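This report describes selected helices and sheets of the structure shown below.

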Amino acid sequence: MDFLLHIIIMACLTLFPLLGYNIVFGKGKILHFGQEAQSLMAVYTLWVLVVQFQQPFLLALLASLLTTTMLSLLLAQLSFRLEPDGFGVMSIALHLAVLSIILNWQSVTRGALGIPRIPRGILPSSLERYALVVVLGAIAWYFFLRRLERSSFGRNLVALSEHEWHAESLGISRKKVHTIAFLLAGTGSMISAILFPPYIFLLSPLDYNFQHMIFFVMCAVAGGPGSLRGVTLAIFLIIFLREGLRFMGLPADILGPVQIMSFGLILFVAVCVRRDTLFPKQRTV
Amino acid sequence: MRVPSSFFALSTCAAMALTACQLSGEEAVKIGYIGPLTGDAAAYGIDTLNGVKLAVDQLNAKGGINGKMVQVVAEDGKCTGSDAASAAQKLVSIDKVSVIIGGQCSGETLAAAPIAEAGGVVMISPISSSPDVSQAGDYIFRDYPSDALKSVAMAGYFVSEGIEKVAVISENTDFAQAFRAALIKELPEGAIVFDEVVEPGTKDYRTLLSRLSDTEFDIFFPNAQTPATMAAMMQQFREQGFTQPAIAHDVADSAELITLAGEAVAGMRAINIPASGEGTSFESDFIAAFGTPQQQISFTAHAYDAANLIMQAIAAVGEDGSAIRDYLNAVEAYKGVVGAFSFDDNGDVIGIPYVLREVQNEKWTTIADIQLDLN
C-alpha cells in the first residue's frame with residue numbers, strides 16, 4: 001500500500017509541471033523544451049533561501065514566485081521573437097544555462113551535491129496524508145486547467161496554434177495568450193517545487209536534467225498533445241509501467257539493463273500506436 | 001477528445017501483468033540492495049552488487065541463516081534521488097526486506113534514508129562517502145569512510161611534505177564536489193591556488209591547463225569521478241610539460257587508470273583506504289564468480305563486508321530493524337576483508353585506516369600508512 005501511495009505521489013508531483021507544460025507544448029503547439037528551467041528556477045530559489053539562508057518560507061515562496069514569473073516572461077518574450085525551431089533550441093539552451101549556473105554556483109546551491117534535509121514544514125509527515133494533500137492538489141490543478149481550457153483563453157490558444165495570422169486578424173492577442181500559457185507552465189513548476197523536495201527530503205539537480213525533459217515530451221506525445229485527460233492518463237500509466245518493471249523478478253545481474261530495454265520497447269510500441277500524433281500523414285515515397 | 005485507447009489498453013495490460021508478478025522465496029531472509037545498475041555510475045553498482053551476492057551465495061552454500069536461505073532483492077537507484085526513493089519504498093513496503101545495502105551514490109543514500117528510517121529498516125552503504133550521510137538517521141550506517149576524514153588525511157599529507165600550493169581541477173559530480181568542499185575546509189586559506197570545476201565527463205583540459213601554466217603550484221590534484229576522466233586530465237597535464245607531482249583519491253587507485261593513462265601516471269600518488277582484498281582469497285573468489293571488477297576490488301570488499309556483517313546481525317538478533325541497529329551500534333571490531341571496524345554514533349565507520357599509494361612499475365603500491373590527526 002505504501003509503495004502504491006508513493007507511486008501515486010510521484011505521478012501527481014509529475015502532473016503539476018507536466019500539465020502546465022502541456023498547455024504550452026500540447027495546446028499552444030509552441031516548440032518549448034525549457035520547462036525544467038522553470039522548475040529549476042522555482043525549486044532552487046525556494047529551498048536555497050529556506051535551507052541555506054534560513055529565510056521564512058513565505059518570503060522564500062514569494063521570491064521563488066517572482067523569479068519563476070520572470071523566467072516565464074523571458075521565455076514568452078523569446079517565443080515572440082524567434083521562429084518556432086529557433087525557440088525550441090533557445091529553450092533547451094536556457095535550461096542548460098540555468099542547470100549550469102546551479103551546478104557551478106556551489107557556495108549558494110552546493111552544486112552537484114544537492115541540498116539534503118529539506119524540511120516538510122507544515123506538510124504532513126505521514127505518507128497517507130502527504131498522498132491526500134498531493135492528490136487533492138493535483139485534482140484541483142487538473143480542474144483549474146480544464147476550466148481555463150474551456151474558457152476563451154483555451155479557445156484563443158487553440159485558434160492561435162491552428163492559424164496564428166487568422167486568429168490575430170480576429171483580434172486574438174498572441175502576446176497575451178501565450179504569456180498566460182507560459183505563466184501557467186511556471187505555476188505548475190512552482191507547485192511541484194513546493195511539494196517534491198520535502199517529499200524525498202532532498203533537492204538534487206539530477207532530478208531536473210534533460211532526461212526529465214524528454215520524459216515530459218514523451219508523456220505529452222503519448223497522451224495526445226493538448227489533451228488534459230490523455231496526458232494525465234499517460235503520466236499515470238507510464239509511471240506505473242516504469243515502476244511496475246521493478247516487479248519483473250529478473251536476476252540481479254541483468255536487472256537494470258533489461259528493465260531499461262523493456263521500458264524502451266514498450267514506449268516504442270506506444271509511439272507506433274500513437275504515430276498519428278507524431279506523423280499526421282503516413283509518409284510515402 | 002480522442003482517447004488513445006490502444007496505447008492505454010496496452011500499457012494497462014503490461015502494467016497490471018508486471019505488478020501482479022510476485023517475488024518467490026516467501027521463507028527466505030530478504031536483503032535489499034540499492035545502487036546504480038544503469039547509467040554512468042553503473043560500474044560502481046554492478047561491482048558492489050556482486051560483492052553482496054558473493055557474500056550471500058557463500059552463506060547460502062553453508063545453509064543460510066538459521067536454516068533460511070538469504071535472497072537479495074536488487075533495485076536500480078540510477079544514482080538519482082527520486083529513483084532511489086522509489087526503490088527504497090518498494091523494498092520497505094512491498095518486499096519487506098530486513099535490511100538494505102545501499103545506496104552507492106551519496107544522493108541515493110540521502111533520498112532512500114528517510115524511507116528506511118520511517119520503516120525501521122537498517123540501511124548500510126558500502127561506498128557513499130559524502131559527509132552529509134553522517135546526519136542521515138539512526139538506522140543509517142556505512143562501512144566506507146566519510147570524505148571529511150579522507151580530506152583530513154590529504155591535508156595532513158600536504159603539511160608533512162611541505163606542500164603549500166595546490167592546483168585542483170574537479171569534475172562537477174556529487175562525489176568530486178563533496179571531496180573538494182571537504183578539502184577546502186581542511187586547507188589553510190590561499191593554499192588552493194588553482195581551483196576549476198568542469199562538467200562531468202569533460203575530456204579536453206588543454207585550455208584550463210594553459211591557464212594553469214601561469215600559476216605557481218607544488219602539486220596537482222585531478223579530482224575526477226571516474227578513471228577515464230582522470231586519465232584525460234593526467235595525460236594532458238603531462239603533455240603540456242608539467243613536472244609537478246600529482247595526487248588524488250580513491251578514483252585514481254585503479255588498474256584502469258594505469259591502462260588508460262600509461263606513462264602519464266607514473267609516480268602519481270593516491271590517498272585511499274588500503275587496497276582491501278587485493279591478493280586475498282576474497283579477490284580470487286570474486287574473480288572466479290564474477291570476473292575482474294570494473295572499478296576497484298576494495299569497493300566490492302566493502303559491499304561484501306557490509307553484507308556479511310548484516311547477515312551476522314540477523315543471525316544473532318533476528319530481523320527486527322531496531323535490534324539490528326542496536327547490534328551494529330554495539331559491534332566493537334568486526335573483522336572483515338577491509339579490516340576490523342565498528343561504527344560511531346552517526347553510523348560512520350571507525351577503524352578503516354588510510355594509506356599512501358604510488359604508481360610504481362605500472363602498478364599501485366602501498367608506500368606508507370597515514371595517521372589521522374583529528375584535533
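A crossing is called left-handed if the near helix is turned anticlockwise from the far one by less than a right angle, and right-handed if clockwise. In this predicted model, the crossing of helix 1 and helix 9 of chain A is left-handed.

| Helix pair (chain A) | Axis separation | Angle | Crossing |
|---|---|---|---|
| Helix 1 and helix 9 | 7 Å apart | about 165 degrees | left-handed |
| Helix 1 and helix 6 (residues 127–149) | within 9 Å | roughly 20 degrees | left-handed |

Angles over 145 degrees count as roughly antiparallel and those under 35 degrees as roughly parallel. Helix 1 of chain A is therefore roughly antiparallel to helix 9 of chain A. With axes that come within 9 Å and cross at roughly 20 degrees, helix 1 of chain A is roughly parallel to helix 6 of chain A.

**Helix 9 of chain A**

Helix 9 of chain A covers residues 174–200, a run of 27 residues. From first to last C-alpha, helix 9 of chain A reaches 39 Å, close to the 39 Å expected at 1.5 Å a residue. Of the 27 residues in helix 9 of chain A, 21 are buried, so the helix is largely enclosed by the rest of the structure. Just after helix 9 of chain A, A:Phe201 adopts a positive phi of about 60 degrees.

**Sheets of chain B**

Strands of a sheet pair through backbone hydrogen bonds, in either a parallel or an antiparallel sense. Chain B provides an example of each.

An open sheet of five strands in chain B has the order 2-1-3-4-5, with parallel pairing. At its edges stand strand 2 (70–76) and strand 5 (140–142) of chain B; each has a single partner strand, so one side of each is left without a neighbour in the sheet. From one strand to the next, the twist averages 25 degrees. Seven bridges join strand 1 (residues 29–35) of chain B to strand 2 of chain B in the parallel sense, and B:Ile31 stands opposite B:Val72 in strand 2 of chain B.

Three strands of chain B form an open sheet in the order 11-12-13, and here the pairing is antiparallel. Its edge strands are strand 11 (334–336) and strand 13 (349–350) of chain B, each pairing on one side only. Strand 11 of chain B meets strand 12 (residues 339–343) of chain B over three antiparallel bridges, with B:Gly336 opposite B:Gly339 in strand 12 of chain B.

Key: Residues are numbered from 1 along each chain as its sequence is written. Chains are lettered from A and ligands numbered from 1 in the order in which they are written. This is a predicted model: local features need pLDDT of at least 70, side-chain atom pairs count only at pLDDT 80 or more; totals for chains, interfaces and linings use all residues. Helices (H or I, at least four residues) and strands (E, at least two) are DSSP runs, numbered from the N terminus. The expected span of a helix is 1.5 Å times one less than its number of residues. A residue is buried if 20 or more other C-beta atoms lie within 10 Å of its own, exposed if 12 or fewer, and partly exposed in between; C-beta atoms are placed from the backbone. Two strands pair if DSSP finds at least two bridges between them. Axes are lines fitted to C-alpha atoms, for helices over the stretch in contact, and angles run from 0 to 180 degrees between N-to-C directions. Angles under 35 degrees count as roughly parallel, over 145 as roughly antiparallel, 65 to 115 as roughly perpendicular and the rest as oblique.
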